[in-house]
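Student: I am new to this structure and would like to go through it with you. Could we begin with a peptide bond and its surroundings?

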Amino acid sequence: MIGDALDGLDERQREAAATLRGPVLVLAGAGTGKTRVITHRIAHGVDTGAYSPGRVMAVTFTAKAAGEMRGRLRALGVEGVSARTFHAAALAQLNFFWPTLAGDSAPAIVDNKVRLLAHAADGVGIDADKATLRDIASEIEWRKVTLRSIDAWAAARPGGVGRYDVSRVADLQRAYEKLKDERRQLDFEDVLLACAGMLEAEPRVAEAVREQYRHFTVDEFQDVSPLQHRLLQLWVGERRDLCVVGDASQTIYSFAGADARFLLEFPARHPDATVVRLETNYRSDAAVLAVANELMRDRPGALELRPAPDRRPAARSGTSAAGESPVPTVTAYPDDAAEAAGVAGAIAARISAGVDPRSIAVLYRAHAQSPEILRALAERGVAATVLGGRRFFEVPEVRQALMALRGASVAAQEHGLVDSVRDVLRSLGMTDEPPPAGGALRDAWEARAALLCLAEEAAPGTSLRAFTDDLIARAKSQHEPALRTVTLATLHAAKGLEWDHVHLLGLSEGFLPISYATTFEQIDEERRLAYVGITRAGRSLSLSWSRSVGQRERTPSRFLREIGNGTLRAADGRASGGGGSRRAPARSAPAASSAPRSR
């Protein structure tokens, strides 16, 4: 163990990390350091002898988050903890126990659900296009994660899909399941279903799993589906060492089966649970938090975020008054092109003033909103990266560089890590000055520059061999570096990240909330998406919308009206979009660090 795992935690974080036994619920608001609490809690358990690392399972929702968790645990001196996604853990158990139970290897995993659906559609005389098949695939996923049969799905979704009524879609689902069984395959959701079925049907398997894993932690518990919750119950059994961490205000995957009730009802299910609320935000200025709190006022499970009291206000331009942080702004533009141009101009000016591009993000509701802002940024020479594209370590230039660096690491002599890495990258075509923004050459340059940045940030004395070992470990755990570019992302993709300066586009009716959100529950999910976007911002937050698209006029988002003028400043000095003041602007807290990172 490196130092005391409880060092550096605030009072509430320390309470959560020091509670090692029994059911524990950590209600962790945005920016309150939940990943820090999770990893330090595990490290404290190992340090005190309460936990054996090999008997701890930490479950999260993405391979990237699991990789980061393992990295943080390594930094705390803890090795051997099973930090995995639900699917990775379930698949490992299936592959381990299946040969013993069935006498052969586990079924293969379907590599393309839509392609298999197309083959099944041919068998039942359905000629559906790819878009319809993708929608049907989503219905299959929702049916399985909500633990519904095909008939129960049909009763819950009577409208059908596209031009196919519910009975035809049900026929296609049955054909899909039959074809999958004939090919001896499992799809992504079947992995969880099969693992749960195995644990329910085979007591000796359940006993072996529960003997192996005695202490469970689940991150992002608000996103757990009924299927995942059932599997978790089977893993835990009668044991009591279960810690769940989440924030109901960040439930943004209800459409995919996530159910925040498992988080909200945890104390009712576990009456003796220790409940810890983390509401001290270490990410955002108070003015940003005021906007977030107003948006979620009186919503179920909402936490009241407050800035860390010991952070000093930063001296910066654009403050609302002496010692106060910049009041978040809202700007109405004539149309989408003007909105993109205005935002791009503000970003270019900020970068010209010396701000690191990595500390800036543009967020939006849908992927279709990205081309306009990408073009506007490129016109101003600003490089940008869209989250959700090709993974960093799969970029050809990165793979080429990694191979070259690995080869250079066997050389007998080095002349300093940074110089060695720079020489290798130059041999592959990297120049001192970047190419123009907006093209493939600039993208390749930025990828190589990110590798050089990692070398510059490495600990003194790091050898080239150790550096390349770290790069390989990063690639395996999907721990990608931040490119020195402005980040563009949908609100879903931005969850778990943070930036100093955030521009949130398209705050008009039809975009946010999205046009197909019509029920109260759907609108509430859109509100939580807006909350996620707002709470990504550390130092400044700029909201915007456009008044028209073509000949069609738009109206400002109802969320702007709910927030009110008291916490937003209209960039043109006029009313920000409706609603009276409900709360005075809050005072500032110091800035967060510059690059996007997970909490």
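Tutor: Let us begin with P513, which is found in the loop between β15 (499-504) and α22. Helices here are DSSP runs of H or I with at least four residues, strands are runs of E with at least two, and both are numbered from the N terminus. This is a predicted model, in which local features need pLDDT of at least 70, side-chain atom pairs count only at pLDDT 80 or more, and totals for chains, interfaces and linings use all residues. Residues are numbered from 1 along each chain as its sequence is written, and side-chain values use heavy atoms, with hydrogens and water left out.

Student: What kind of peptide bond joins L512 and P513?

Tutor: The bond between L512 and P513 is cis, with omega at about 10 degrees.

Student: Let me turn to backbone angles. What is phi of E220 near?

Tutor: Phi of E220 is near 50 degrees, a positive value in a residue other than glycine. E220 sits in the loop between β6 and α11 (226-236).

Student: And is E220 buried or exposed?

Tutor: E220 is buried, at a relative accessible area of 13%. Buried means under 20% relative accessible area, exposed means over 50%, and partly exposed lies in between, using a 1.4 Å probe and protein chains only.

Student: What about D298, buried or exposed?

Tutor: D298 counts as exposed, with 71% relative accessibility. Its phi is also positive, near 70 degrees, and D298 is again a residue other than glycine. D298 lies in the loop between α14 and β10.

Student: Since α14 has come up, how many residues of helix α14 are buried?

Tutor: Ten of the ten residues of α14 (residues 286-295) are buried, so the helix is largely enclosed by the rest of the structure. Among these buried residues are N293 and E294, along with A286 and L295.

Student: Which elements do they pack against?

Tutor: The buried residues of α14 pack against β9 (280-281), β10 (306-307), α22 (520-534), β16 (537-549) and α23 (558-563). Contact means heavy atoms within 4.5 Å.

Student: Now helix α18. Which of its residues are buried?

Tutor: In α18 (residues 417-427), the buried residues are L417, S420, V421, V424 and L425. Seen down the helix axis, they fall within an arc of 130 degrees, so they line one face of α18. The arc is that of the directions from the helix axis to the C-beta atoms.

Student: What follows α18?

Tutor: G429 follows α18, and the phi of G429 is positive, near 110 degrees.

Student: Changing topic, how many cavities of 30 Å³ or more are there?

Tutor: The count is one cavity of 30 Å³ or more, and the largest cavity has a volume of about 30 Å³. A cavity is a set of points, on a 1 Å grid over the protein atoms alone, where a 1.4 Å probe fits but cannot get out; lining residues have an atom within 4 Å of a point. Grid points are joined across faces, edges and corners, and a volume is the space filled by probe spheres set on the points.

Student: Which residues line the largest cavity?

Tutor: The lining is made up of R41, I42, Y51, V56, H215, F216, T217, D241 and L242. Two elements, α2 (34-47) and β6 (215-218), each give two or more residues to it. The largest share, three residues, comes from β6.

Student: How do the lining residues divide by type?

Tutor: They divide into five nonpolar, two polar and two charged. Ala, Val, Leu, Ile, Met, Phe, Trp, Tyr, Cys and Pro count as nonpolar, Asp, Glu, Lys and Arg as charged, and the others, Gly among them, as polar.

Student: Helix α2 also holds V46. What does V46 touch?

Tutor: Not counting residues up to four places away in sequence, V46 touches Y51, P53 and V78. V46 is partly exposed, at 22% relative accessibility.

Student: And A108, where is it placed?

Tutor: A108 is in strand β4 (residues 108-109). Leaving aside neighbours within four places in sequence, A108 is in contact with R184, Q185 and L186. The C-alpha atoms of A108 and L186 are separated by 6.2 Å, although the two residues are 78 residues apart along the chain.

Student: Last topic: how many disulfides are there?

Tutor: The count is zero disulfides, a disulfide being a pair of cysteine sulfur atoms within 2.5 Å. As for individual cysteines, C195 is buried at 0% relative accessible area, and C453 is buried at 5%.

Methods
On a 1 Å grid over the protein atoms alone, a cavity is a set of points where a 1.4 Å probe fits but cannot get out, and a pocket is an open set with protein on both sides within 12 Å along at least five of seven lines; lining residues have an atom within 4 Å of a point.
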